[in-house]
Amino acid sequence: MAMVLLALRCIITDHRHRHLQHFIRRPALGLAGLQGPRGSFGSLRSTALAMQALQDLQLDSASTYNRTAASKWILDRQRADGGWTEEPLHDGQDPTVGVGLTADIILALGCKGLGKYFKNRVFVRDAKRFNL
């Protein structure tokens, strides 16, 4: 559900599709209601994606989303090297296995999620310049 919300937010940032804003409210409230009592949305990745999807949305007072609890839950699972992985690393395992997850978490914990980069067109402009 978080990925769908992130995709909708990217579409809505385009001025031609702002009338679709109301389609985000109900799924966002549903996603917020999935947060566990300790702050997680299940796994590290699902929590990071949910945080990005719910970032900067104006949820009503009935929403149960607690960004502080989600952030604390994620930070409590950070490895000694500063990254994150879903599974503990075993001897000989590639330490970069969690690089994608770590990137998702950094975007979630930051004040700007990926949607902000698309909104400001900075990411899009840089991606074109570097052929990404």
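A: Helix α3 is mostly covered, since 9 of its 11 residues are buried; buried means under 20% relative accessible area, exposed over 50% and partly exposed in between, with a 1.4 Å probe and protein chains only. Helices (H or I, at least four residues) and strands (E, at least two) are DSSP runs numbered from the N terminus. The model is predicted, so local features need pLDDT of at least 70 and side-chain atom pairs count only at pLDDT 80 or more, while totals for chains, interfaces and linings use all residues. Residues are numbered from 1 along each chain as its sequence is written, and side-chain values use heavy atoms, with hydrogens and water left out.

The buried residues of α3 are Leu44, Thr47, Ala48, Leu49, Ala50, Met51, Gln52, Ala53 and Leu54. Just after α3, Asp56 adopts a positive phi of about 65°.

The setting of this helix is a protein with 7 helices and 0 strands. Of its 132 residues, 33% are buried.

A nonpolar core is a set of buried Ala, Val, Leu, Ile, Met, Phe, Trp, Tyr and Cys residues joined through side-chain atoms within 4.5 Å. This core has 25 residues in total, and those with the most contacts inside it are Leu31, Leu44, Leu54, Ile74 and Ile105. Two or more residues come from each of α1 (2-12), α2 (22-32), α3 (44-54), α4 (67-75) and α5 (99-109).

One partner of α3 is α2. The axes of these two helices come within 10 Å and cross at roughly 145°; axes are lines fitted to C-alpha atoms, for helices over the stretch in contact, and angles run from 0 to 180 degrees between N-to-C directions. The crossing of α2 and α3 is left-handed, a term used if the near helix is turned anticlockwise from the far one by less than a right angle, with right-handed used if clockwise. Ala28, Leu31 and Ala32 of α2 meet Ala50, Ala53 and Leu54 of α3, where contact means heavy atoms within 4.5 Å. These residues comprise 6 nonpolar, no polar and no charged; Ala, Val, Leu, Ile, Met, Phe, Trp, Tyr, Cys and Pro count as nonpolar, Asp, Glu, Lys and Arg as charged, and the others, Gly among them, as polar.

Ile105 touches Leu44, Ala48, Ile74 and Trp84, leaving out residues up to four places away in sequence. Trp84 lies in the loop between α4 and α5 and is buried, with a relative accessible area of 3%. Beyond its neighbours within four places in sequence, Trp84 has contacts that include Leu44, Ile74, Leu101, Ile105 and Leu109. The C-alpha atoms of Trp84 and Leu101 are 6.5 Å apart, although 17 residues separate them along the chain.

The axes of α4 and α5 are 11 Å apart, at an angle of about 150°. This makes α4 roughly antiparallel to α5, in a scheme where angles under 35 degrees count as roughly parallel, over 145 as roughly antiparallel, 65 to 115 as roughly perpendicular and the rest as oblique. Their contact involves Arg67, Ser71, Ile74 and Leu75 of α4 with Ile105, Ala108 and Leu109 of α5.
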